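Please look through the sequence and the structure shown below, and then follow the report from one part of the fold to the next.

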Amino acid sequence: MFCFQCQEAAKNTGCDVKGVCGKKPETAGYQDLLIYTLKGLAAQALATGQRNTINDTGYFAARGLFATITNANFDDDRIIALIREALNRRTRLADTLARTTGSSSATSAAPGDAATATPDVTDTTGTTAFSPLPAAGLLQHDAVTWAADPADWLNKSRSIGVLSEPDQDLRSLKELIIYGLKGIAAYADHAAVLGHSDERIWEFILEALAATLQDKSLDELVALALKTGETAVTTMATLDAANTSAYGKPEITEVNIGTRDNPAILISGHDLKDMEQLLEQTTGTGVDVYTHSEMLPANYYPKFKQYEHFVGNYGGAWWQQDKEFASFNGPILMTTNCIVPVRPSYAERIYTTGMAGYPGVPHIEAVDGRKDFSAIIEQAKICPPPTQIETGSIIGGFAHDQVLALADKIVDAIKSGAIKRFVVMGGCDGRQKGRSYFTQVAETLPQDAVILTAGCAKYRYNKLNLGSIDGIPRVLDAGQCNDSYSLAVIALKLKEAFGFDDINELPISFDIAWYEQKAVAVLLALLSLGVKGIRLGPTLPAFLSPNVARVLVENFNIKPVGDVAEDVAAMMQGA
Ligand code: FSO
Ligand code: SF4
């Protein structure tokens, strides 16, 4: 195996024996083969030139990409099923193309199950023109034509992984694009589950997948990486519309972090539709519901606040789940990443749903859009209540509408000098010791600096009680990592309010923590919006080759995080 897609890649180079995340070499092999097969499927789908095919295949490819995100799915059987479905889809498309054009590019039927239907999604933007991929010869690529007995798939995977691209700069850019796509895919899937999509996203996912099979120059790939960032913005906007139209606009909320004496279910991950169904189904059962990690922002949505048995948040960021799931005592529902290798202390009471998966852990699928959580609820009833691990509350819910409602106050505070600087510290948390940097920055920033955050990175400082400025809290949490979109909207609105031409003229610095591929999508989104001078930590990605890193430094002034005091001083000076 070789995997270097996340911040915890072994020795900041790559995991080649077993993943630091716990991913086994076989799982890594199947995931590589899935990505490779999706690339071939993408080329085949684009060749049809059919809008419906593009949308349907794009959504399927998104779910496949999502399954390979760090800490999403460790279950070989589920990855294998996705490969089978990709091959079956590819075969059907090739057959259709051969029938309609008389071309002989049809591939042989893949062994495996029939494809599962893709749920209907509503397009929110209408139709855009679509031009089929003009790449001559692409349908002869091995990714489009390969077929093998499933017993040989792991063998096959050895020749098509990350290192099969010999040029380290091309490899670096292609993987940067693929990782950005994985992030886009996760957000697009969450939006699609709520009935929202945008055909530009499906089309771009396929185009970018297929592009990585072609001979592209470094410049072309840099341009494609920026287009990946633009699509990440579109996708986060689509998810924002999906979440807020279903559950209302996030409101400033004090979230309880203590516990009650009832049996309870803990829900983690990012999928708000699962939250909705769990709250509905637990109503009147005597079972409470708590959020964990990235589900914390569910507490900010008006629709969810109506449930009296929705108690608050339990614990911290994803990597603390081994201890916190043990002391929670009740069942845990993992809606997506980040799930970590399951410990015996809670192995009998953890469940996955959506694209999350772990071998031996029961998986709950939707049937006609509904998930049946009754088994979890029944188990909860016979479990002891959660063990309290902390008390008090944390405050959040500062998504774009809420912050813009405070816009006059914020603009006045900036003009009067009460607020000197905003520091965007969104992103991910992780296990590495170096991440204490972000806690120290939060503690070291002067009293006239305000932190804007989103994603699980916030757990490094959201319980520090950093005070407020003229009633504006010094840590404004917009929500999940995808709510980084809110941070971009806020920045763009402030730019407008001050009449600046360039977002970089604002008193805002970016000090971003990254871990997995959604953070890569968010980073590319920020670059596509013209943000410069981002600090990135705790380490720069292992997948950036020295030349690609140089391009990012020269064009966007990206820099690694450094010494806390020096970074804080520099940021307060606008550097
Ligand atoms: Fe964190 Fe995990 Fe939301 Fe990621 S829980 S690390 S960027 O999945 O997605 O922020
Ligand atoms: Fe290693 Fe990260 Fe890949 Fe897991 S996802 S194998 S930790 S690089």
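Predicted model: local features only at pLDDT ≥ 70, side-chain atom pairs only at ≥ 80, totals over all residues.

## Another open sheet and its helix

An open sheet with parallel pairing is also formed by 6 strands in the order S6-S5-S4-S7-S8-S9. Strand S6 (310-313) and strand S9 (363-364) stand at the edges and have a single partner strand each, so one side of each is left without a neighbour in the sheet. Helix H9, which covers residues 272-282, packs on this sheet and touches S4, S5, S6, strand S7 (332-334) and strand S8 (350-353). The direction of H9 makes about 170° with that of S4.

Within the sheet, strand S4 (residues 264-268) and strand S5 (residues 288-291) pair in the parallel sense, and 4 bridges connect them. In this pairing, Ile265 has Val289 in S5 as its bridge partner.

## Two pairs of packed helices

Two packed helices are described by the angle between their axes and the distance between the axes. For helix H6 (residues 168-193) and helix H8 (residues 218-247), the angle is about 10° and the axes are 9 Å apart. Angles under 35 degrees count as roughly parallel, and H6 and H8 are therefore roughly parallel to each other. The crossing of H6 with H8 is left-handed, and their contact is made up of 18 nonpolar, 8 polar and 2 charged residues.

Helix H1 (residues 25-48) and helix H7 (residues 199-211) have axes that come within 8 Å and cross at roughly 115°, and this crossing is left-handed. On the side of H1, the residues that take part are Leu38, Lys39, Ala42, Ala43, Ala45 and Leu46, and in H7 they meet Leu206, Glu207, Leu209 and Ala210. Sorted by class, the contact of H1 with H7 holds 8 nonpolar residues and 2 charged residues, with no polar ones.

## The surroundings of ligand 2

Which residues surround ligand 2? The shell consists of Cys3, Phe4, Gln5, Cys6, Glu8, Ala9, Cys15, Gly19, Val20, Cys21, Lys23 and Thr70. By class, the shell around ligand 2 has 7 nonpolar, 3 polar and 2 charged residues.

## Backbone details in the loops

Some details of the backbone can be found by looking at the loops. The peptide bond that leads from Asn337 to Cys338 is cis, with omega near 10°, and Cys338 has its place in the loop between S7 and S8. A cis peptide bond also joins Gly537 and Pro538, where omega is about 5°; Pro538 is found in the loop between strand S19 (535-537) and helix H18 (546-556).

Asp368 lies in the loop that runs between strand S10 (366-367) and strand S11 (370-371).

Notes. Residues numbered from 1 in each chain as written. Chains lettered and ligands numbered in written order. Axes fitted to C-alpha atoms, helices over the stretch in contact; angles between N-to-C directions. Helix = DSSP H or I, 4+ residues; strand = E, 2+ residues; numbered from the N terminus. Left-handed = near helix turned anticlockwise from the far one by under 90°. Contact = placed C-beta atoms within 7 Å. Nonpolar A, V, L, I, M, F, W, Y, C, P; charged D, E, K, R; others polar. Near = placed C-beta within 6 Å. Parallel < 35°, antiparallel > 145°, perpendicular 65-115°, else oblique. Pairing = 2+ DSSP bridges.
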